Amino acid sequence: MPDTNHFPAESEVSRRGFLELTFGWLAGIFAVCASAVGTVRFLVPNVLFEPSLLFKAGKATDYPDGSVTFMEEERVFLVRQGNTFRCLSAICTHLGCTVDRADHGYHCPCHGSVFDDQGNVKSGPAPRPLEWFLVTLSKDSRLLVDKNQRVNPDKYLVL
Amino acid sequence: MKAPPLKKIWQWFERTRVGRSIFRVGLPQSNLERAQAMVSSFLLHIQPAKVNRHSLRASYSFGLGLISLYLFLILIVTGVLLMFYYVPSTEQAYNNMKDLQFVVSVGLVMRNMHRWAAHLMVIFVLLHMCRVFYTGAYKRPREFNWVLGVGLFLLTLSLSFTGYLLPWDQLAFWAITVGTNIAAYAPYIGPKLKYLMLGGNVVGQEALIRFYALHVIVLPAVAGFMIAVHLWRVRKDGGLSRPDEPGDTIQQIELGKLPTNKTYGLMELARGMTPQVGRNPADEVFAWPHLVFRELLLFLLVVAMVLFLGIFWNAPLEQLANPVHPPNPAKAPWYFLGLQELVSYSAFWGGVVVPGVLVMALLVLPYMDRDRKGVGRWFPRERVVANTIFTVCLVIAIVLTTIGSLFRGPNWSWQEPWKRPPTVTEGR
């Protein structure tokens, strides 16, 4: 009579069965997750064909003292006061419209948000102040704006 | 009785070798053939051979789901035709629109029909949802079909929204700018979702091609599949909802409990409520011609309505998209204007909390509200609480949308539509 003691009972899982189940499921889950991650990652662009976030804004002498210059392509205002330079985003923090220069500050034509000269919200639905970007000087003495770097409104480039 | 000449020709054609090869059953002459005609035809077999009289009553369903389906079909046909002229490029798209308007024969009407059918589909899907709610039709065993319906409603909105950008005019550009910025208010994933949708930071070529791909293949394919499942479930859940009658049973055969040592016919395995179970045969009529005829008639009416709108009203086309000069006011598509109105008070509540809670509430509704009283009747007394809550939400949504659409002028300030808004000069 054959000895059946070392065979597992029907409800038990054999070592081989356990390993097959574990690795089978792990492989399956991994395949699904990897495909999902790959698909989403595929859809995230690596190169943007839009105006660069880092751009040169010309020479300091291009901007007269006390001027606020709107730059269409980059949708920013370049602000010069005396020998200080700052750069303010022209994109409304409410729903992304382009703000206009008003007498004392800025004004969003879409939903009526009003900002003061420092970009702070004076009235309207905008939840946050307009953003200020870092202005530095490039090696060839041009103003260099970096829209990736947000700064406080009291940060100036002094020339 | 003498058959009319057209019918004679048809009957002759049916008897020819070719006719017999195409139509398995000819024009039905008997009840047997009426049933056979429904069952043996690919297009008709989606429907039952016999339907309950209650389901045919126009004052019960108003055909709203069917109208939505027909609008979807019209949108596919007109949309595919528009694709023959449209190039999803920021350089060309707007010119293609002008070509459709002024150069292509019937191009204007085709685009108008597509636009109006899209707006109508949003409206009719919403009305269909209201009908299902007010008649309690989402209750057991139709809970999941309601969930599918909520998904189809969201898909309808997405389809319309993605199509909005394609003309690449000022209306399109700023509606999508505003719309995607509303989405960006969602916590954590909002900005990433916006970046993914636009394929960048601003609405540009990448956004256009993405919206195009979603609009012409991804979303229609998903919607088409879900509509198929939605219709399948209507059949499998026992046809249109109707009041419970004595003798009605919801059969829930648990497959695991059947003996497994025999084979079963399909009718033994079918689960759920079928139109025939426990029913008085006098309530049933043959789908041919009662249902088929009504459906054809409704289809003609819907096509006529869209054609009428397309011929007499032109879809808007504003100036070429200009990222520097937003129109004043800049508005999202009308079905999002209720949200935009809320966002103008509080971005977080209007952009995140309210839409999120509403969608969640709609999804869990059939699983929370489980009492089967009052199913299959309009505004039943037993459902007064549920109906009141739903109506209040609906009225608020309609009021907010109306305010956003009609009562908001330049600077999003209050403006009665009957007072002519001051002319806004373009540029500075």
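## Chain A: elements and extent

Chain A of this predicted model holds one helix and 11 strands, where helices (H or I, at least four residues) and strands (E, at least two) are DSSP runs, numbered from the N terminus. Read from the N terminus, the order is α-β-β-β-β-β-β-β-β-β-β-β. The radius of gyration of chain A is 30 Å, well over the 15 Å that the globule rule gives for 159 residues, so chain A is more spread out than a compact globule. Here the radius of gyration is taken over C-alpha atoms, and the globule rule is 2.2 Å times the number of residues to the power 0.38. The C-alpha trace of chain A spans about 105 × 40 × 25 Å along its principal axes.

Of the 159 residues of chain A, 25% count as buried. A residue is buried if 20 or more other C-beta atoms lie within 10 Å of its own, exposed if 12 or fewer, and partly exposed in between, with C-beta atoms placed from the backbone. Two residues are in contact if their C-beta atoms, placed in that way, lie within 7 Å. Among contacts in chain A between residues at least 6 apart in sequence, 34% join residues at least 24 apart.

## Confidence and conventions

Chain A averages a pLDDT of 87, and 93% of the residues score at least 70; pLDDT is the predictor's confidence in each residue, from 0 to 100. Among the elements of chain A, helix H1 (residues 15–43) has the highest mean pLDDT, 93, and strand E11 (residues 157–158) the lowest, 85.

Residues are numbered from 1 along each chain as its sequence is written, and chains are lettered from A and ligands numbered from 1 in the order in which they are written. As this is a predicted model, local features need pLDDT of at least 70 and side-chain atom pairs count only at pLDDT 80 or more, while totals for chains, interfaces and linings use all residues.

## Where the chains meet

In chain A, 17 residues are in contact with 24 residues of chain B. On the side of chain A that touches chain B, 11 residues are nonpolar, four polar and two charged. Ala, Val, Leu, Ile, Met, Phe, Trp, Tyr, Cys and Pro count as nonpolar, Asp, Glu, Lys and Arg as charged, and the others, Gly among them, as polar.

## Chain B: overall picture

Chain B contains 17 helices and two strands. Its C-alpha atoms fill a box of roughly 75 × 55 × 50 Å along the principal axes. Of the 428 residues of chain B, 34% count as buried. Residues 24 or more positions apart account for 75% of the contacts in chain B with a separation of 6 or more.

## Cores and helices of chain B

The largest nonpolar core has 96 residues, of which B:Leu71, B:Ala117, B:Met121 and B:Ala172 touch the most other members. Its largest share, 13 residues, comes from H8(B). Apart from this core lies another, of seven residues, including B:Ala37 and B:Trp288. A nonpolar core is a set of buried Ala, Val, Leu, Ile, Met, Phe, Trp, Tyr and Cys residues joined through C-beta atoms within 7 Å. Not counting residues up to four places away in sequence, B:Leu71 touches B:Ala117, B:Leu120, B:Met121, B:Phe124 and B:Val302.

In helix H7 (residues 93–102) of chain B, the buried residues are B:Ala93, B:Tyr94, B:Asn96, B:Met97 and B:Leu100. They cover an arc of only 155° around the axis, which puts them on the same side of H7(B); the arc is that of the directions from the helix axis to the C-beta atoms. These buried residues pack against helix H8 (107–134) and helix H12 (205–236) of chain B.
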